[in-house]
Amino acid sequence: MSLLIKNGRIITATDAYVADLLVEGETIRAIGKDLSFPADETIDATGLLVFPGGIDPHVHLDMPFMGTFSSDTHETGTRAALHGGTTTVIDFVLQKQGHSLKDALADWNSRAEGTAVGDYSFHMAVTDFNENTRAEIQQMIENEGITSFKTFMAYKGALMIDDRQMVALMQEVKKQGGMVTVHATNGDVIDYLVAKHRAEGKLAPLYHYLSQPEMTEAEASGRFADMADYTGCPAYIVHLTCEGALNAVRNATRRNQKLFVETCIQYLILDASLYEKDFEGAKWVMSPPLREKKDQTTLWAGINQGLVQVVATDHCPFMWEQKLMGKDDFSKIPNGHPAIENRMELLYSEGVHTGKITENKYIEVACTNPAKIFGLFPKKGTIAVGSDADLVLFDPTEKHTISAQTHHMHVDYSAYEGWEITGKVKTVLLRGKVVIDNGNCLVEKGYGQFIKRNKVSGTI
Ligand code: URP
Ligand code: ZN
Ligand code: ZN
């Protein structure tokens, strides 16, 4: 099967030009002006942008968390991602404390295999690093193609590891050719503030925010950077939100350290004033919480300074009924918000359309850098001969409104309800097949493939 895409404006992390693109089977076969190959099908992309498929390296699908499960399955979540122009996601497998990585992977495979609609990979979250786990790191990297290991410096008693385990894990992961990623907030200080607020009867969602001040993230980010520098392990901070934390990273660069940083779309465009809406603020209860306007300014600047390499979502949706678990106590509100479908369009509208970032930077942070950092490049994350034909045809001028009435995520509210945005995904190809066309998904569950990833070096 071959497909010719004519006259689109192709955007990569480095280039922008009008050309034709020939897709043969699952990959890109040729790129050029006025290509005259015979093809089974032709799409006229005049007036449209042609991007690489988006890569969201931070999503939580069907994840057991805080006494419930995130509401998108691998089927609904990856389908919604495709609607929004994201063709590959990296989900998190969570080791259960006292159990093996292998068991955790089997558990996640049993839910994802045969159900995903879009392509996916896994990070392995190490919540209990011991001598048994140490031996499994190599197996994950060499046999399973899982080359990144997530750690939590918060959520004590459930997911958090201590610094002793962190350093030991880093040493092993470095040795085997992987990367350690981190949720960098100071779990002990947060637990103290949560307990204090509860004891004082301060139970509204606002106190979720007030229990995780900027200092908790700045401190943990600096500590993590120090441990990564000491061990030399490739390292990545997930969902960085604020000026203090980015300054810790900036400081690390002064000793010539390279540390990757991800922020998420919500931290660029939403702020903590949403927590003043009484219980409705639960829609945005996530960890770390939304921050201040000054932090948004820092994050946009950080992207342009090259200190922030990735914009993800930390998609972790819960139905309103699930959020109500915390209606009398903010500490029981399941943490997380839905965005897997909205990231590409929101980042285009709020970033490129407003002039905050260039269209090349947009592709860099949403597609190419996630692929490079996590060992998917050049199969994924760019438009090049031989790469997977994961492509988005995008109308940069079409205006539309985000709503839970029209989104495809399995969640009954939108964190961006009523937002009017500019730029719309029209057609999406995944491995050479048109999977989304004008709002319709043309493939069934099971089309999505697990993608084994390459070893990583900590440089891109
Ligand atoms: O609130 C969040 N972020 N929920 C998902 C788990 C995590 O910390 O990433
Ligand atoms: Zn986190
Ligand atoms: Zn997360």
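I started with the metals: the zinc ion (ligand 2) and the zinc ion (ligand 3) are 3.8 Å apart. The model is predicted, so I kept to the rule that local features need pLDDT of at least 70 and side-chain atom pairs count only at pLDDT 80 or more, while totals for chains, interfaces and linings use all residues. Residues are numbered from 1 along each chain as its sequence is written, chains are lettered from A and ligands numbered from 1 in the order in which they are written, and side-chain values use heavy atoms, with hydrogens and water left out.

**Zinc ion (ligand 2)**

I looked up the protein donors, meaning N, O and S atoms within 2.8 Å of the metal (3.2 Å for Na, K and Ca); water is not among the atoms, so sites may look incomplete. For the zinc ion (ligand 2) they are His183 (ND1) and His239 (NE2), at 2.0 to 2.1 Å. Histidine 183 sits in strand β12 (residues 179–183), and histidine 239 in the loop between β13 (235–237) and α8 (243–253), so the two tie together parts 56 residues apart in sequence. Helices (H or I, at least four residues) and strands (E, at least two) are DSSP runs, numbered from the N terminus.

I then checked the geometry. The four donor atoms around the zinc ion (ligand 2) subtend angles of 56 to 151 degrees, which makes the arrangement irregular. The rule I used: four donors are tetrahedral if all angles lie between 85 and 135 degrees; four are square planar and six octahedral if opposite donors are over 155 degrees apart and all others between 65 and 115; anything else is irregular.

Are these histidines buried or exposed? Histidine 183 is buried at 2% relative accessible area. Histidine 239 is buried too, at 2%. Buried means under 20%, exposed over 50%, partly exposed in between (1.4 Å probe, protein chains only).

**Zinc ion (ligand 3)**

Which residues hold the zinc ion (ligand 3)? I found His58 (NE2), His60 (NE2) and Asp314 (OD), at 1.9 to 2.2 Å. Along the chain these donors follow the spacing H-x1-H-x253-D. The site has four donor atoms with angles of 84 to 137 degrees, and is irregular. Histidine 58 is buried at 1%. Histidine 60 is buried at 6%.

**Ligand 1**

I listed the residues around ligand 1, taking those with a heavy atom within 4 Å. Among them are His58, His60, His183, His239 and Asp314, together with Phe65, Tyr155 and Cys316.

Next I looked for polar contacts (N or O pairs within 3.5 Å; within protein, one must be able to donate a hydrogen and the other to accept it, and residues adjacent in sequence count only if both atoms are side-chain atoms). An oxygen of ligand 1 is 3.0 Å from a side-chain N or O of histidine 183. An oxygen of ligand 1 also lies 2.8 Å from a polar backbone atom of serine 287. A nitrogen of ligand 1 is 3.0 Å from a backbone N or O of asparagine 335. Alone, ligand 1 exposes 260 Å², and the protein buries 99% of that.

**Cysteines**

How many disulfides are there? I counted zero, taking a disulfide as two cysteine sulfurs within 2.5 Å. The sulfur of cysteine 367 has its closest cysteine sulfur in cysteine 264, 15 Å away and too far for a bond. Cysteine 367 is buried at 0%. For cysteine 441, the closest cysteine sulfur is in cysteine 367, at 19 Å, again too far for a bond. Cysteine 441 is partly exposed at 24%.

How values were computed. Areas by Shrake-Rupley, 256 points an atom, 1.4 Å probe, with all protein chains shown as cover.
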